[in-house]
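The following exercises are to be worked from the sequence and the coordinates. Each task is followed by a stepwise solution.

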Amino acid sequence: MRIERRLTAPRWLVVAVPVASLVAAFAAAAVVLLVAGKDPVATYARLFDRGFIAPGALTNTLVTATPLLLTGLAAAAAFRMKLWNIGAEGQLYLGAVGASGAGLALHGRPGLVIIAGMIAGGLVAGAAWAVVPGLLRAYFNTNEIITTLMLNYVAGLLLTYLIFDSRSYWRDLTTFSARAFPQGKMLPDAAMWPNFNLVLGPIVTLNVPFGFLLGILAATVLWLLYRSTSFGFDARVQGDSPPAARYAGVRTRRVVVAMMGLSGALAGLGGASEIGDFRHVLDPRGLQQAGFGYAGIVVAALARYNPFAVGVVAFLLGGLANAGYSLQGPDFPAGLVGVLQGMILFFALGGELLLRYRVSFSARRAEPPRAVAAAPVAE
Amino acid sequence: MNVNESIAVVLAASAIFYGTPLVFAAVGELLAERSGVLNLGVEGMMLIGAVTAFWCVQHLPGPDWFVLLLATLIGGVAALATALIHAILAVGLRANQIVSGLALTIFAGATGLSSYVGNATKLGGQPALREFSALNVLGLSNAPVVGPILFHQNALVYGSWALVILAWLYLYRTRTGLHLRAVGESPETADVMGVNVARYRYAHTLAGGLLAGVAGAYYSLAITPNWIDGMTSGAGWIAIALVIFAFWRPEATLAGAYLFGLLSSLGFVLQARQVHLPPEVFGALPYTMTVVVLVVVSTGWAKQRLGAPAALGTPYVREER
């Protein structure tokens, strides 16, 4: 087998590889299911039905896809410049804290004010949580993979503290049962984000959550930022070659901190949408079980960091996650969705090889002797 | 009051007890990184080790000590099998090592395969049938101060000390170890020397998986002993940070691991002594401390002294030499 580097990948291959990765991942996960004594075809049929077909399934899928879209964009924005922000999970928690805090504080104001406050709260809190590892990376050269990850666990503990172990602003202490079984304060009705009915036929109507529209807007902004601003240009240069960026006079520290802040703001908006579209309360257990931050990495990698592809992939994986929740039970153990996500990522990574290299299996073609072939180059 | 019940002795003994899994995982990751392969899948591999080992302890027949050792080993082998996926992607297919390692944690970790296996076989909530308990080494467990700290630990603690010594001898006193360091520093040079770069990278990534699995088994067989989804709660990531903290030297992982073991146990020990603080404050200590330690060792001064293997994280392609 010989491997040669491609200079350009054909366009059809750029689309074919992620699609083939999805198919291969489902095939490989079928083996896991067979080993566990389950019928893969029936399992996939149930997943597909609950994700996309059953009444209301598409609406739920969009609700689940919304935070995935935003954490996917958060990962794509940072990863594209080789800034490994693995902290979308914690930044999403903080976004949820900020948005629900703003929603509670603005009680009694008009709905528009409350929703704007929640969006701002999510953006700011997520960005603030991400800027810390950004500053550490920029000024102390600290490995951001580990710092962002450690902060995920700290953020999770902070959530737990706010609802379970303190008399915080977010915790409901009004009734006896709420004091005995800790829970968050419910947001006012005016804080619930609107959704827009889309009639797709006589029977099927689809509720598009407001957060999903914000996500599409965010994808567009990110695309424009990378494409047509000097900040985006600096970020791209720095992602491709840090020495070149320094030579070109890019203020690398500023770009790193700003990009981390932007990435965190996107993840924080994901947390805000989870509160506004769906939970309407700060719910530590539910947020931590969902694992949106980590799944966002899968979304970004499969979309090859393209903001609009992130939307498509988030929709597909949102359907998978949504089906996973609704099926979870004694005959459908938790964890299967993560197995599938991991496999999809493995195959997508393996498929990258086909985009970067040309693989030929011709055994007959004799390899030229290395020394002879290399000699003219060496001189 | 008996000196062995003093807070300092209790803390020192539990620092070693809670730090031991980090020693296994960190030495394993260190071996992989010395060959140039960064494996961010440690957390996932540990969870696979934990669930596999716990299943074995509940289901295999035989004398307790034998089943415990066998379970640890099988847990290690299961994690090794998941490390093989990363090795194929990172070494064979030259994929992005960072994303591949993350994929491994997502695939195997708290919401992935380890959770699936544990839930499908209903391991959660089962009382452990067997566990690693503290030994009375040389009959010295009651000796003042050193007794509880050094002579009243479980078998895996002593195994981890042997591992550190072996890893040190291997890296700095054997020819294979020399080749390994060459592969991590400059695969081109190692290749010219006649060292098979890919083979070294495969072998040490797999060794890292085996040790991560043993570290996971320590959680389900010694620390809690039972099985909970995501029971290592970030220890795998702390182990990766420890490798940096230890400047890629096995003997230094001991100090780092015991420091983090101390932080993990501080909450329990102080709470038992009626010091009241929210449990989340203690819970966050190991994570915040990891960040602080990383900031300290990542400054230019520290990097210059003892840097990472130069080829860490970069695929080696002979054709592009």
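**Exercise 1: a salt bridge in chain B**

The side chains of B:Arg130 and B:Asp64 form a salt bridge, with an N to O distance of 3.0 Å; the term denotes a side-chain nitrogen of Lys or Arg within 4 Å of a carboxyl oxygen of Asp or Glu. This is a predicted model, in which local features need pLDDT of at least 70 and side-chain atom pairs count only at pLDDT 80 or more, while totals for chains, interfaces and linings use all residues. Residues are numbered from 1 along each chain as its sequence is written, chains are lettered from A and ligands numbered from 1 in the order in which they are written, and side-chain values use heavy atoms, with hydrogens and water left out.

Task: State where B:Arg130 and B:Asp64 lie, and classify each by accessibility.

Solution. 
- Step 1. B:Arg130 belongs to the loop between helix 5 and helix 6 (146-150) of chain B and B:Asp64 to helix 3 of chain B, so the pair ties together parts that are 66 residues apart in sequence. Helices are DSSP runs of H or I with at least four residues, numbered from the N terminus.
- Step 2. B:Arg130 has a relative accessible area of 14% and is buried, whereas B:Asp64, at 44%, is partly exposed. Buried means under 20% relative accessible area, exposed over 50%, and partly exposed in between (1.4 Å probe, protein chains only).

**Exercise 2: a network in chain A**

Task: Identify which residues are linked with A:Glu274 in a network of salt bridges.

Solution. 
- Step 1. The side chains of A:Arg279 and A:Glu274 meet in a salt bridge at 2.9 Å, N to O.
- Step 2. A:Arg279 is buried at 16% relative accessibility, and A:Glu274 is buried at 2%.
- Step 3. The network links A:Glu274, A:Arg279 and A:Asp283.

**Exercise 3: the interface**

Solution. 
- Step 1. B:Ile106, B:Tyr116 and B:Glu280 supply 18% of the area that chain B buries against chain A, more than any other three residues.

Note on methods. Buried area is the accessible area (1.4 Å probe) that two parts lose on being put together, summed over both. Helices (H or I, at least four residues) and strands (E, at least two) are DSSP runs, numbered from the N terminus.
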